[in-house]
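Please read this briefing alongside the structure shown below. It starts with a term used throughout and then goes through the topics one by one.

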Amino acid sequence: MNLLLVAAAGFLLLTILFGLIRVLRGPGSGDRMLTAQLFGTSGVGILLLLGFALDQPALVDVALVFALLAVVAAVAFVRQHGLPEPAGTPMHETPVEEEPPHDPGHHPGHNPTEKTHDR
């Protein structure tokens with residue numbers, strides 16, 4: 001059973017390695033933040049698996065602290081960069097200004113309420 005837990009921890013360590021590649025190649029800060037969340041989640045999983053495999057309850061406590069730190073990191077990222085909006089949201093569309101209704105008696109540059117003085 002312990003060998004299975006250590007093998008699962010090794011697999012999670014491999015996912016962290018792939019995440020590291022994503023951090024280096026990631027085009028945006030959102031990709032990098034998701035990778036940081038992957039690091040936090042995988043790190044917690046590794047510590048929990050090793051804590052049970054090696055019968056070390058202190059590793060479970062460290063995993064809980066890492067889980068709390070991952071939440072704080074996510075909140076700090078969202079406060080710094082904001083939440084990403086999908087491309088189809090109204091925020092990304094340019095508003096179309098509506099033209100006022102056309103008045104046939106109105107001529108551009110002429111204000112009918114304005115008094116004109118002939119000299």
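Two residues are in contact when they have heavy atoms within 4.5 Å. By that rule, and leaving aside neighbours within four places in sequence, Ser 42 is in contact with Leu 12, Thr 15 and Ile 16. The model is predicted, so local features need pLDDT of at least 70 and side-chain atom pairs count only at pLDDT 80 or more, while totals for chains, interfaces and linings use all residues. Residues are numbered from 1 along each chain as its sequence is written, and side-chain values use heavy atoms, with hydrogens and water left out.

**Confidence and overall make-up**

- The protein has an average pLDDT of 78 (pLDDT is the predictor's confidence in each residue, from 0 to 100).
- A pLDDT of at least 70 is reached by 69% of the residues.
- There are three helices and zero strands in the protein; helices (H or I, at least four residues) and strands (E, at least two) are DSSP runs, numbered from the N terminus.
- Read along the sequence, the pattern is α-α-α.
- Of the 119 residues, 18% count as buried, where buried means under 20% relative accessible area, exposed over 50%, and partly exposed in between (1.4 Å probe, protein chains only).
- The accessible surface comes to about 9,900 Å², and 67% of it belongs to carbon and sulfur atoms; accessible areas come from the Shrake-Rupley method with a 1.4 Å probe, and for residues only the protein chains shown count as cover.
- Among contacts between residues at least 6 apart in sequence, 50% join residues at least 24 apart.

**Helix H1**

- The 24 residues of H1 should span 34 Å at 1.5 Å a residue, and its end C-alpha atoms are 35 Å apart, which agrees; the expected span is 1.5 Å times one less than the number of residues.
- Leu 5, Ala 9, Ile 16 and Gly 19 are buried in H1.
- The buried residues of H1 pack against H2.

**Helix H2**

- H2 has 25 residues and reaches 36 Å from its first C-alpha to its last, close to the 36 Å expected at 1.5 Å a residue.
- The buried residues of H2 include Met 33, Thr 35, Ser 42, Ile 46, Leu 49 and Ala 53.
- H1 and H3 are the helices against which the buried residues of H2 pack.
- Just after H2, Asp 55 takes a positive phi of about 55°.

**The largest nonpolar core**

- A nonpolar core is a set of buried Ala, Val, Leu, Ile, Met, Phe, Trp, Tyr and Cys residues joined through side-chain atoms within 4.5 Å.
- The largest one has six residues: Leu 5, Ala 9, Ile 16, Ile 46, Leu 49 and Ala 53.
- Helix H1 (2-25) and H2 each supply at least two residues of this core.
- In soluble globular proteins, nonpolar side chains tend to be buried together.
- Leu 5, in helix H1, is buried, with a relative accessible area of 16%.
- Beyond its neighbours within four places in sequence, Leu 5 is in contact with Leu 49, Phe 52 and Ala 53.
- The C-alpha atoms of Leu 5 and Leu 49 are separated by 5.6 Å, although the two residues are 44 residues apart along the chain.
- With neighbours within four places in sequence left aside, Ile 16 is in contact with Phe 39, Ser 42, Gly 43 and Ile 46.

- Ser 42 is found in helix H2 and counts as buried because its relative accessibility is 5%.
- The side chains of Ser 42 and Thr 15 are joined by a polar contact of 3.4 Å.
- A polar contact is a pair of N or O atoms within 3.5 Å; within protein, one must be able to donate a hydrogen and the other to accept it, and residues adjacent in sequence count only if both atoms are side-chain atoms.
- Thr 35 lies in helix H2 and is buried, with a relative accessible area of 4%.
- Not counting residues up to four places away in sequence, Thr 35 touches Gly 19, Leu 20, Arg 22 and Val 23.

**Leu 48**

- Leu 48 lies in helix H2 and counts as partly exposed, at 29% relative accessibility.
- Leu 48 touches Val 60 and Ala 63, not counting residues up to four places away in sequence.
- Leu 48 and Leu 64 are 16 residues apart in sequence and 9.0 Å apart in space, C-alpha to C-alpha.
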